There are 2 protein chains.
Amino acid sequence: MLPQLRVLSLETISKIGQEVLLQGWVNARRNLGKIVFLDLRDRSGVVQVVAGPRDLDAASVDRLKDVRPEWVVAIRGVVQERGEKQKNPELPTGRVEVIAKELAILASAEPLPLDLEDEKIGLDIHLDFLPITLRSPKWQAVFKIQAEIAESFRAYLRSDGFTEFAAPKIVGSSTEGGANVFRLKYFDREAFLAQSPQFYKQIMVGIFERVFTVGNVYRAEEHATTRHLNEYTSLDLEMGFIHDHTDIMATEIGWLRHLLNHLEQTVPAELQQWQWQRPLLPEVIPALKLREAQQLIKEDTGVDHTAEPDLEPHEERWLSEYAKAKFQSDFLFITHYPTAKRPMYTYPDEADPDYTKSFDLLFRGVEITTGGQRINNYEQLVGNIKKWGLNPDNFKFYLESFRYGMPPEGGLAVGLERLTARLLGIDNVKLATLFPRDLNRIDLQLSPPEYKQ
Amino acid sequence: MLPQLRVLSLETISKIGQEVLLQGWVNARRNLGKIVFLDLRDRSGVVQVVAGPRDLDAASVDRLKDVRPEWVVAIRGVVQERGEKQKNPELPTGRVEVIAKELAILASAEPLPLDLEDEKIGLDIHLDFLPITLRSPKWQAVFKIQAEIAESFRAYLRSDGFTEFAAPKIVGSSTEGGANVFRLKYFDREAFLAQSPQFYKQIMVGIFERVFTVGNVYRAEEHATTRHLNEYTSLDLEMGFIHDHTDIMATEIGWLRHLLNHLEQTVPAELQQWQWQRPLLPEVIPALKLREAQQLIKEDTGVDHTAEPDLEPHEERWLSEYAKAKFQSDFLFITHYPTAKRPMYTYPDEADPDYTKSFDLLFRGVEITTGGQRINNYEQLVGNIKKWGLNPDNFKFYLESFRYGMPPEGGLAVGLERLTARLLGIDNVKLATLFPRDLNRIDLQLSPPEYKQ
């Protein structure tokens, strides 16, 4: 084949009458007598190729016989406008087709073990075959959108004076989290995988005032649910010189507004794959104290959970529906969780010290953010570490920040995969995770049926 | 203090005659009779504050007595132009000073255990006190620049059709790397920390053609050097539909040009902190085959290493000097490493199959990139896995990509911390790593002198 610059499938619509070189995967093959229609897929989408003996050279006709779905091919051909009846308004390239003149095979493919368009193949099969199931436009769309969520987080915060940093994942102390931490052999001692970049982002407030980091975090959760992952991506921010936790909440609202606009501008076609419903995001997201929220639920359902330290999943769903009906908001802040049940660094409300200046953000029935103001006074923080039954010596490095001057500060963490799932209406967070790890799976099922003795 | 919008120190230069509210850390305190000069540091820089009883209220005068370096304060005052003799052209805010009218203390600080300006405090002390040593403008600059390197990588690749993805760090097989891999207790079995996102980025070429990921990678290196880290940040890209490894090299050249311009535009002051010398980057970076490079060294030094599989550190330095003198380039590609010494997925050169279409990039004496074309043919890859003495069953998930159609592809990985260090002339890569982990350190020294019995 003559050397020639590659053209992407989507670019053909502006090249009618021109010769182009396409490269991509065969998305589908349809035979019509001697004519073969190939849907060719590349990173820009799909275009229809018409291949037949009239225009193809003999060697290409021969090669064409073998070509099946997922074969990787290069096609030289001429773009032409389709006849009026053949135009497909559903497809961005539906006005054109490419008449193949030459075909080369870049890679063959074995027959697929499943139908990529089949929506009922089951979670485990879908995940076992991710290297190919992700090739379908619908699943490609999820992770295109996810990439833009992360980009929006960074772009918004950079424009607001935040600096990015890389947090370490190997940590020396498991003292923040207790049981659900992964243990690591670190040379001749033990280390742990970080459950969050919490301590590091607080330290970084002492350096840059406003920081963010996007990275993996680890939870050795023993239970398999549709909401939990053992490794996920956390969007973390932390900022100094705040008045209280409401400054953090205001930053989140500003970002969410940026996010929705950014997605609609950068990945509109991918959103349409998932019947995008733009979330209702009012100027100010409504906020309820935990006890107020529990009181509302009690009045509605008669079940009294007003002494519980947290909401149950069905209560989060109830509250989301309440916020949508009452405030026309798909988002709802819950604030003032009990001091005794939040981490030792959480800032107690001076007006009611049994409750904290902390918050969760509920979105379409699920908590997607935890945040709040942190204790920045050194003595108060050391006192709390002791009160929580922990040893300040294990926090020596972290405590340096507070010992040598830390402004009032706070921050939040957003689970990237949960947010992706809720934005697109995906029920199981594992389907919004590129390569999910759980109790039973690292890439492949750890004990798949066929391996069992 | 009256509620008022905060002004950053750098913004004072456009607010002469106006009242402002500043918030930040006391960078230095100088007493001059009853007048106290405070250098106030915030995320935009430093401004001089003049505090004395003539303008301050009595309570503020009282509070001022305690204020020492690293205390966090809020100061209300009026910006005025300095007298001609007092102007400091070295400081961006050197034309102005702020006459304090009110001072509030946001956080106190204990006396510093070291002098932040002291350049000779030693590596271990510097690292043990990172939460405060990083506060000095010189070290802040390193990590501001590092954040912009990562941003430039993403921005350039996004504009070139690449999609970002998040690679998992917990992996099920240590088969890529052998000895220097960290082992993890994953529920009732063993797992490993990924040494690179290699397999995942190749899988993702099957989904998006062009992908990149920025994240931590892990090497259980037993030796402590100025070049090695146990956890570092890898800038990874991978792209399909290439002709050969030179397409990857061309992409790297394009990014490096973007990088240098991006840094000079976004962080010029931070570069000046390190006496920035813009690297010499010709239109095309010179490239030598490994054997050619070894021959040049042999001719110069008389030492014959022309049968060695890799370069030694002093040879990398020799070659960098050679490239600078001969090609006016701070960068030099070395290509065609021996097939037997590269990973099983490396593409052999058809013209000389004992050598691969792989490359390293040397920059100022150190290798900062490894890359190349990969084997994309399924049978060839399975054959190589067996030839390397490995079991294809352990690569089942990875191999799905190749079994079901993978275009010719390749990629590269850049060590973010090494690149940062070489750009700024920092000798030890640990100093260009935010929170370095090594054999003897996770935040604090694991066996510091004072803890020894």
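This is a predicted model: local features need pLDDT of at least 70, side-chain atom pairs count only at pLDDT 80 or more; totals for chains, interfaces and linings use all residues.
Q: What makes A:Arg43 and B:Glu209 a salt bridge?
A: The rule asks for a side-chain nitrogen of Lys or Arg within 4 Å of a carboxyl oxygen of Asp or Glu. The closest N and O atoms of A:Arg43 and B:Glu209 are 3.1 Å apart. That is within 4 Å, so the pair counts as a salt bridge.

Q: How many salt bridges does the rule find across the interface of chain A and chain B?
A: It finds 12. Polar contacts are counted too: 41 residue pairs between the two chains, with both residues at pLDDT 80 or more. On the side of chain A that touches chain B, helix 4 (residues 137-159) gives the most, with 9 residues. By class, that side has 52 nonpolar, 16 polar and 31 charged residues.

Q: Why are strand 8 of chain A and strand 8 of chain B said to pair?
A: Pairing needs at least two bridges between the strands. Here there are 3 bridges, so the two strands pair. Both span residues 183-186, and the sense is antiparallel. Within this pairing, A:Lys185 stands opposite B:Arg183.

Q: How do you know that chain A and chain B are in contact?
A: Contact means heavy atoms within 4.5 Å. By that rule, 99 residues of chain A are in contact with 99 residues of chain B.

Q: What area do chain A and chain B bury between them?
A: About 8,300 Å², with 59% of it on carbon and sulfur atoms. In chain A, the residues losing the most area to chain B are A:Phe187, A:Phe397 and A:Tyr404. Together they make up 10% of what that side buries.

Note on methods. Residues are numbered from 1 along each chain as its sequence is written. Chains are lettered from A and ligands numbered from 1 in the order in which they are written. Side-chain values use heavy atoms; hydrogens and water are left out. Buried area is the accessible area (1.4 Å probe) that two parts lose on being put together, summed over both. A polar contact is a pair of N or O atoms within 3.5 Å; within protein, one must be able to donate a hydrogen and the other to accept it, and residues adjacent in sequence count only if both atoms are side-chain atoms. Helices (H or I, at least four residues) and strands (E, at least two) are DSSP runs, numbered from the N terminus. Ala, Val, Leu, Ile, Met, Phe, Trp, Tyr, Cys and Pro count as nonpolar, Asp, Glu, Lys and Arg as charged, and the others, Gly among them, as polar.
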